[in-house]
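Please keep the sequence and the 3D view at hand while reading.

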Amino acid sequence: MPPRRRLSPADRRAQLLGVAARLFAAQPYDLVLMEDVAEQAGVSRALLYQHFPGKRDLFAALYREVSEQLLAKARFDPADTLVEQLVEGLDAHIEYFAENRNTVLAANRVLAGDLLVQTIMNDELDALRERLLGVLPLADARSREAVSAVVKSWLVFVQVLCVDWLTHETCTRTELRDVCVGALVGALRPLLDDDPAPDWPR
C-alpha cells in the first residue's frame, strides 16, 4: 500500500471517488472490491468505510457526481438552435457512456432496482426535461403539458437506446446521436406552432 497522504475530508472524498471512477470504468461492478479501492487510494479499509458505508454507497456518490458533470455540459441557450443544443448535450453523454461503459451498465442494469441510484438518474432526467422546456416555444400551459410528456418519454428512449448501444454497437456515435435528435424533432413538430428545427434533417 502506498504511504497515506494527509488530506482534508473533502479532498480525501474526492480522491476516493477518483479511484472509484477508474475502477468502476475498468471492470464490471461485481468485480470491483472495496479493498481494491482502499489499496489504490493508499488508505485503510476503515478510512474508506468512514466515507462510504459500502460499495453501493460509493458507486451512488460517484454517479451523482457524474450526473452533475453531465448536466453542466448539457447547456441550453435560446440563442442557439434546438439541434445545436441537443447535439452538444448528446455528444457529452455519449462520449462519457462510451468511455465508461462498465459504469453506465452498472447503473442501468446491475443496479436497476436500487432506489438511490435510480433516483440520481431520474433527477438528472427531470433536470434535462426542465431545461429543454425552458428553451422551447410553448404557447400555453396545455402545450407545455403535452411537450413535457413527450420530452420525458424521449429522455427514457435515449437512455434505453444508449445502454443497448453499449452492449452491441450497431451504429456509429454520430448515427446514434442523430437518431436521438431526429426522434425528438419529429415528436415535437405536431405539438408546436413553429417548427423547432427547420434545418433538420440537414
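Where is the place of Gln85? Gln85 is in helix 5. The model is a predicted one, in which local features need pLDDT of at least 70 and side-chain atom pairs count only at pLDDT 80 or more, while totals for chains, interfaces and linings use all residues. Residues are numbered from 1 along each chain as its sequence is written, and side-chain values use heavy atoms, with hydrogens and water left out.

**Gln85 and the overall fold**

Gln85 counts as buried because its relative accessibility is 2%; buried means under 20% relative accessible area, exposed over 50%, and partly exposed in between, with a 1.4 Å probe and protein chains only. Leaving aside residues up to four places away in sequence, Gln85 touches Arg75, Phe76, Asp77, Pro78, Asp80 and Val135, where a contact means heavy atoms within 4.5 Å.

The protein chain has nine helices and zero strands. These elements are DSSP runs numbered from the N terminus (helices: H or I, at least four residues; strands: E, at least two). The C-alpha trace spans about 65 × 35 × 30 Å along its principal axes. Of the 202 residues, 44% count as buried. Among contacts with a separation of 6 or more, 67% come from residues 24 or more positions apart.

**Core and aromatic pairs**

The largest nonpolar core has 67 residues, and Phe59 and Trp154 touch the most other members. Such a core is a set of buried Ala, Val, Leu, Ile, Met, Phe, Trp, Tyr and Cys residues joined through side-chain atoms within 4.5 Å. Not counting residues up to four places away in sequence, Phe59 touches Phe24, Tyr29, Thr103, Ala106, Ala107, Leu111 and Val117.

The whole structure contains five aromatic pairs. Rings of Phe, Tyr and Trp (its six-membered ring) pair if their centres lie within 6.5 Å; planes under 30 degrees apart count as stacked, over 60 as edge-to-face and the rest as tilted. Two of the pairs involve Phe24:

| Pair | Centre to centre | Angle between planes | Class |
|---|---|---|---|
| Phe24 and Tyr29 | 5.7 Å | 15 degrees | stacked |
| Phe24 and Phe59 | 5.1 Å | 85 degrees | edge-to-face |

Phe24, Tyr29, Phe59 and Tyr63 form one aromatic cluster.

**The cavity**

The structure holds one cavity of 30 Å³ or more. A cavity is a set of points, on a 1 Å grid over the protein atoms alone, where a 1.4 Å probe fits but cannot get out; lining residues have an atom within 4 Å of a point.

Helix 4 (55-73), helix 5 (82-99), helix 7 (115-135) and helix 8 (141-167) each supply at least two lining residues; helix 5 gives the most, with seven. By type, the lining divides into 18 nonpolar, six polar and one charged. Here Ala, Val, Leu, Ile, Met, Phe, Trp, Tyr, Cys and Pro count as nonpolar, Asp, Glu, Lys and Arg as charged, and the others, Gly among them, as polar.

**A cis peptide bond**

Trp200 and Pro201 are joined by a cis peptide bond, with omega about 0 degrees. Pro201 is found in the segment after helix 9 (173-188).

How values were computed. On a 1 Å grid over the protein atoms alone, a cavity is a set of points where a 1.4 Å probe fits but cannot get out, and a pocket is an open set with protein on both sides within 12 Å along at least five of seven lines; lining residues have an atom within 4 Å of a point. Grid points are joined across faces, edges and corners, and a volume is the space filled by probe spheres set on the points.
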